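This report describes a structure with its sequence. Please keep both in view while reading.

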Amino acid sequence: MIEIKNLTKIYKLNKKQMKESKTTDTLKTAVDNLSLTARPGEIYGLLGPNGAGKTTTLRCISTIIKPTRGEIFVSGHEVKREPEKVREKIGFLTGDIKLDPQFSVDYMFNFFGRLHHIQEDKLAARKEELFTYFGIKDFSHKKIKELSTGMAQKAAIAVCLVHDPEIIIFDEPTNGLDVITARSVTDYLKKLKAEGKLVIISTHVMSEAEKICDRIGVIIDGQKVAEGTLGQILHDTNAEDLEDAFFELYRHQKGGK
Amino acid sequence: MSGIKLICGKELDRVFRDRKMIFSVFFLPVIIMVGIMSLVGNLSNNAQKDVEAHTSIVYIQNSPVGFPQFLKAADKDCKIYEMSDWEKATEMIKNGDADLLIKFPENFVDMVSGYKQGDVIPQIKTYYNPSEDYSRAAYDTISTGVLEAYRQSLLSQRVDNMEGLTVFTVNSDNPDMVIQDEEKAGGKILGMMLPYFVTILLFAGAMGIGTDMVAGEKERGTMASLLVSPIKRSSIVLGKVIALMIISGVSSVIYVGALVAFMPQMIGGADLGMNLTLNPKQIAMLAVLLVAIAFLYSAIIVLVSVFARTTKEASSYVMPVYMLILVLGMTTMFTTKTPGEWVYAVPIYNTSLALQGILTQEVTTMQYGITLGMTLVFGAVLIGVIGKAFESEKVMSI
């Protein structure tokens with residue numbers, strides 16, 4: 001289970017970042033007092049526009065960055081106090097995280113498996129299972145740099161799941177993937193959910209959220225503006241579909257503009 | 001501990017599993033170094049032989065009877081010409097077409113044979129071009145050698161007892177005049193050069209790999225995958241530094257081995273006349289200190305790389321540090337005074353002094369201990385700083 005209590009993340013901007021953001025403020029609040037709970041056996045989707053704070057939230061959960069204020073519990077372990085314990089429980093993947101291009105898929109799988117203290121026989125069985133599912137058995141001996149984007153992404157997903165984590169965190173899981181690869185990824189997320197895992201994803205693709213998420217948290221300007229099942233959100237916003245609901249929430253958050 | 005081993009193993013695999021990498025990191029620099037040094041050594045040797053084999057062209061003005069024969073007897077290959085046009089002859093010296101001009105006074109023979117006390121002593125003037133190798137060699141051989149012999153021969157005609165004029169000689173029959181410990185003399189030469197080479201070899205060997213290990217991983221986005229693994233950041237740091245130490249250590253052993261093996265070729269077959277061997281105690285002291293230096297340099301490279309976002313940026317940060325360390329290594333080459341004990345507490349500089357001291361067998365146990373301790377402590381402090389930097393999301397650009 002993931003429990004976020006009043007999470008706030010404030011970044012200090014350097015001059016270049018201030019110029020890019022067209023602001024004179026040296027501080028930027030990426031996530032503002034966000035609280036949410038995601039439970040095992042569900043796919044929780046963080047939905048929001050670019051820069052809303054989705055990725056920052058996921059990075060705080062996965063211990064890559066530290067919350068400025070608030071607390072995050074992952075399977076009972078607080079991210080600031082027990083980051084290694086948290087990392088044992090999660091599998092985190094984002095488009096920014098890549099596998100070392102100098103090594104083969106096989107090598108990287110074994111390397112991360114050993115980092116997770118998986119026994120060799122179990123590692124081999126897990127490799128067989130994941131490589132077969134993602135269809136990467138035939139090119140597992142190839143170096144990552146020799147693979148296509150789709151193949152490399154599949155390999156990264158397989159490596160990220162090497163330790164059979166309780167919680168899977170995917171930042172924009174299908175971003176940049178072709179339709180077939182994207183489908184195999186979303187199907188696998190559903191499979192994980194069926195196995196009782198907690199999957200938390202961020203996306204700005206409404207159709208993806210509609211199709212695979214059990215519950216959705218809508219984030220705009222770092223604040224959670226809605227949370228619930230698709231039906232609940234549509235009901236609360238009196239919208240026909242998620243896209244309409246999102247625009248209604250967005251308009252409301254921006255003061256009716 | 002297993003995390004450190006895994007990270008270290010991966011970094012070593014990155015180098016040792018890639019044939020191209022092995023060749024470019026360990027063998028290409030050796031081939032280039034030996035190739036260039038051998039070429040330079042051979043060229044310099046050939047140039048020296050060419051100068052020795054050269055037939056000197058000597059122009060003489062007012063040559064006394066018998067002098068050309070005397071000169072021929074001393075330097076049988078030289079070509080002798082009578083100088084008729086002074087301007088033309090000096091121009092030939094300037095252009096390298098002639099090697100030496102010898103100008104005798106007009107009535108040289110009369111001045112010598114009819115010399116009475118109080119007369120002006122005749123002066124033979126020689127002219128050469130020091131920027132021309134042939135001319136300089138002709139000057140050394142003839143002006144200071146043959147003419148001195150010619151002077152002695154004329155003097156013997158004037159004085160019956162030549163020995164009566166000799167008050168003393170210096171080392172005319174003293175083959176044992178050089179008293180030195182062969183090992184110390186060899187160590188002195190090595191001690192001048194080794195700190196400089198160790199710095200180049202250890203630092204340069206680790207520089208490219210080290211910047212790629214940290215800044216390269218950040219640039220490629222592969223560092224983040226390590227940071228979300230259940231491994232302490234300090235283990236990632238130590239794993240990388242140890243791997244870098246091993247790589248720079250192996251590369252320096254290969255480089256030094258190649259230097260020793262190909263030394264005769266690189267110096268063009270010349271004999272230094274020194275004993276460049278080391279005793280077991282020196283080898284042990286050197287080995288331990290080199291491990292400590294490799295640790296320190298690896299930590300410095302990793303530290304600098306942590307603050308860079310790309311390998312290019314890291315390389316530009318590392319270069320000034322490399323230059324600084326190089327200068328500190330070179331300063332010991334020109335140190336003559338015995339440094340105080342406190343100097344051995346100055347990191348980096350102390351390693352150059354200690355290396356020199358080990359080779360000349362002049363370093364004390366205290367000085368060696370201080371150097372080793374300070375190097376390890378300074379390296380450990382840097383590891384701590386790197387660990388802190390790894391915790392910083394701003395530094396790690398994540």
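## Basis of the model

This is a predicted model, in which local features need pLDDT of at least 70 and side-chain atom pairs count only at pLDDT 80 or more, while totals for chains, interfaces and linings use all residues. Residues are numbered from 1 along each chain as its sequence is written, with chains lettered from A and ligands numbered from 1 in the order in which they are written.

## The antiparallel sheet of chain A

In chain A, four strands make an open sheet in the order β2-β1-β4-β5, with antiparallel pairing. Helices (H or I, at least four residues) and strands (E, at least two) are DSSP runs, numbered from the N terminus; two strands pair if DSSP finds at least two bridges between them. β2 (27-38) and β5 (77-78) of chain A are the edge strands, each with a single partner, so one side of each has no neighbour in the sheet.

Eight bridges link strand β1 (residues 2-12) of chain A to β2(A) in the antiparallel sense. Within β2(A), V31(A) is the residue opposite K9(A). Helix α2 (residues 54-61) of chain A packs on this sheet and touches β1, β2 and β4 (69-74) of chain A, its direction making about 115° with that of β1(A). Contact here requires C-beta atoms, placed from the backbone, to lie within 7 Å. Axes are lines fitted to C-alpha atoms, for helices over the stretch in contact, and angles run from 0 to 180 degrees between N-to-C directions.

## The mixed sheet of chain A

A six-strand open sheet of chain A has the order β6-β7-β8-β3-β9-β10 and mixed pairing. β6 and β10 (223-228) of chain A are at its edges, each with a single partner strand, so one side of each lacks a neighbour in the sheet. From one strand to the next, the twist averages 15°.

Strand β3 (residues 43-47) of chain A runs parallel to strand β8 (residues 198-203) of chain A, joined by five bridges; I43(A) is opposite V199(A) in β8(A). Five bridges also pair β6(A) with strand β7 (residues 167-171) of chain A in the parallel sense, and G91(A) has I168(A) in β7(A) as its bridge partner.

Is strand β6 (residues 90-94) of chain A enclosed or left open by the rest of the structure? Five of its five residues are buried, so β6(A) is largely enclosed. A residue is buried if 20 or more other C-beta atoms lie within 10 Å of its own, exposed if 12 or fewer, and partly exposed in between, with C-beta atoms placed from the backbone. I90(A), F92(A) and T94(A) point one way, and G91(A) and L93(A) the other.

## Contact between the chains

Chain A gives 21 residues to the contact and chain B gives 18. On the side of chain A, α3 (83-89) and α4 (105-115) are the elements that give two or more residues, and α4(A) gives the most, with four.

## Chain B

Chain B is divided into domain 1 (2-36 + 181-391) and domain 2 (54-159), with bounds from an automatic or database domain assignment. Their centres, taken over C-alpha atoms, are 57 Å apart.

E393(B) is in the segment after α14 (365-391) of chain B. E393(B) counts as partly exposed, because it has 14 C-beta neighbours inside 10 Å.

Definitions and conventions: Two residues are in contact if their C-beta atoms, placed from the backbone, lie within 7 Å.
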